[in-house]
Amino acid sequence: MKALLVNGSPHKEGCTNAALIEVAAALNREGIDTDLFWVGNQPIAGCTGCRACAKANRCVLQDTVNDFLELAGDYDGFVFGSPVHWAGASGALTSFLDRAFYADLNGGGNRFRLKPAVAVVSARRAGTTAAWDQLNKYFGLMQMPIVTSQYWNMVHGTTPAEVRQDLEGMQTMRTLGKNMAFLLQCKRIALENGLKLPEQEPAIRTSFVGGAPLP
């Protein structure tokens with residue numbers, strides 16, 4: 001089994017990366033293979049709602065989002081890391097997730113359903129819980145079980161070296177990796193022993209005005 005760790009920071013080897021590396025090391029020790037994916041430091045456009053993804057099963061805008069979508073189906077779990085910007089997740093990562101998840105939902109890609117997901121946030125001081133809550137909402141909509149740790153998934157520091165000095169934060173990352181590995185192994189054993197994924201009903205979408213189903 002393998003997990004993909006997505007670095008949503010504009011700094012490839014910054015504080016967010018330091019946290020992700022600690023999670024990856026814990027996953028590796030538990031027998032889970034890992035790869036790192038950096039969203040990059042180029043501008044990532046937000047979703048335009050064009051719905052071209054319904055036919056293409058990918059975003060009409062060609063950038064790192066489609067690079068991620070091409071890989072995502074091969075992974076069993078995901079870790080998304082973000083720095084805290086203005087008490088929220090990075091704009092690059094939110095635009096990235098908006099388009100990646102919307103394209104998967106509209107295109108019927110089914111790359112993420114019932115695959116465990118983790119949000120990890122990094123900050124100098126504050127805004128971490130708001131950013132963590134923000135990212136977890138993505139996973140709830142995508143039917144991805146949310147993995148937790150012994151504390152909220154955050155680290156503190158202004159440099160990777162300072163992050164590594166955050167002993168509680170580093171321990172939280174290690175616990176997070178072990179917890180995720182356990183859930184991944186439980187799912188694998190269940191499927192190997194004949195337990196099937198829940199049947200998914202066709203989606204029903206209603207308007208709050210009158211309650212009539214949308215076309």
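**Cavity, pockets and core of a predicted model**

Colleague: What volume does the largest cavity have?
Modeller: The model is predicted, and a search of the whole structure turns up 1 cavity of 30 Å³ or more. The volume of this largest cavity is about 110 Å³.

Colleague: Which element gives the largest share of the lining of that cavity?
Modeller: The lining of the largest cavity has 14 residues, and C47, T48, C50, C59 and R99 are those nearest its centre. By type, the lining splits into 9 nonpolar, 3 polar and 2 charged residues. The largest share, 3 residues, comes from α4.

Colleague: How much space lies in the largest pocket?
Modeller: The lining of the largest pocket takes in 21 residues, with L105, N106, L141, Q200 and A203 nearest the centre. The space in this pocket is about 560 Å³.

Colleague: How do the lining residues of the largest pocket divide into nonpolar, polar and charged?
Modeller: Helix α4, residues 91-107, supplies the largest share of this lining, 4 residues. Over the lining of the largest pocket, the division is 9 nonpolar, 6 polar and 6 charged.

Colleague: Which residues are the closest to the centre of the second largest pocket?
Modeller: The second largest pocket holds about 180 Å³ of space. Its lining consists of 14 residues, and the closest to the centre are C15, P83, S122, A123 and G157.

Colleague: Which element supplies the largest share of the lining of the second largest pocket?
Modeller: By type, this lining has 5 nonpolar residues, 8 polar and 1 charged. At least two lining residues come from each of α1 (15-29), β3 (77-85) and β5 (117-123). The largest share, 3 residues, is that of β3.

Colleague: Which element gives the most residues to the largest nonpolar core?
Modeller: The largest nonpolar core has 35 residues, and those touching the most other members are V6, F68, F78, F96, F101 and F112. Two or more residues come from each of β1 (2-7), α3, β3, α4, β5 and α5. The element that gives the most, with 6 residues, is α4.

Colleague: How are the rings of F37 and F96 arranged: stacked, edge-to-face or tilted?
Modeller: The count of aromatic pairs comes to 13. For F37 and F96 the ring centres are 6.1 Å apart and the planes stand at 45°. Planes under 30 degrees apart would be stacked and planes over 60 edge-to-face, so the 45° of this pair makes it tilted.

Colleague: How many residues apart in the chain are F37 and F96?
Modeller: F37 and F96 are both buried. F37 sits in strand β2 (residues 33-38) and F96 in helix α4, and this link between distant parts of the chain spans 59 residues.

Colleague: In which elements do F68 and F78 lie?
Modeller: F68 and F78 are both buried. The two parts that this pair ties together are 10 residues apart in sequence, because F68 is in helix α3 (residues 64-72) and F78 in strand β3.

Colleague: Which residues form one aromatic cluster?
Modeller: Rings pair if their centres lie within 6.5 Å. One aromatic cluster is formed by F37, F68, F78, F80, F96, F101, F112, Y138 and F139.

Colleague: Which residue lies over the face of Y75?
Modeller: A charge sits over a ring if NZ of Lys or CZ of Arg is within 6 Å of the ring centre and within 35 degrees of the ring normal. At 4.7 Å from the ring centre of Y75, the residue over the face is K2.

Colleague: Is L114 buried or partly exposed?
Modeller: L114 is not a glycine, yet its phi is positive, near 60°. L114 is placed in the loop between α4 and β5. Buried means under 20% relative accessible area, and L114 has 21%, so L114 is partly exposed.

Colleague: What relative accessible area does Q143 have?
Modeller: Q143 has a positive phi of about 60°, although it is not a glycine. Q143 is found in the loop between α5 (128-141) and β6 (154-156). Q143 is partly exposed, with a relative accessible area of 36%.

Conventions:
Residues numbered from 1 in each chain as written. Predicted model: local features only at pLDDT ≥ 70, side-chain atom pairs only at ≥ 80, totals over all residues. Heavy atoms only, no water. 1 Å grid on protein atoms, 1.4 Å probe; cavity = no way out; pocket = protein on both sides within 12 Å on 5 of 7 lines; lining within 4 Å. Points joined across faces, edges and corners; volume = space filled by probe spheres on them. Nonpolar A, V, L, I, M, F, W, Y, C, P; charged D, E, K, R; others polar. Phe/Tyr/Trp six-rings, centres within 6.5 Å; stacked < 30°, edge-to-face > 60°. Buried < 20%, exposed > 50% of the residue type's maximum accessible area, 1.4 Å probe, protein only. Core = buried A, V, L, I, M, F, W, Y, C linked by side-chain atoms within 4.5 Å.
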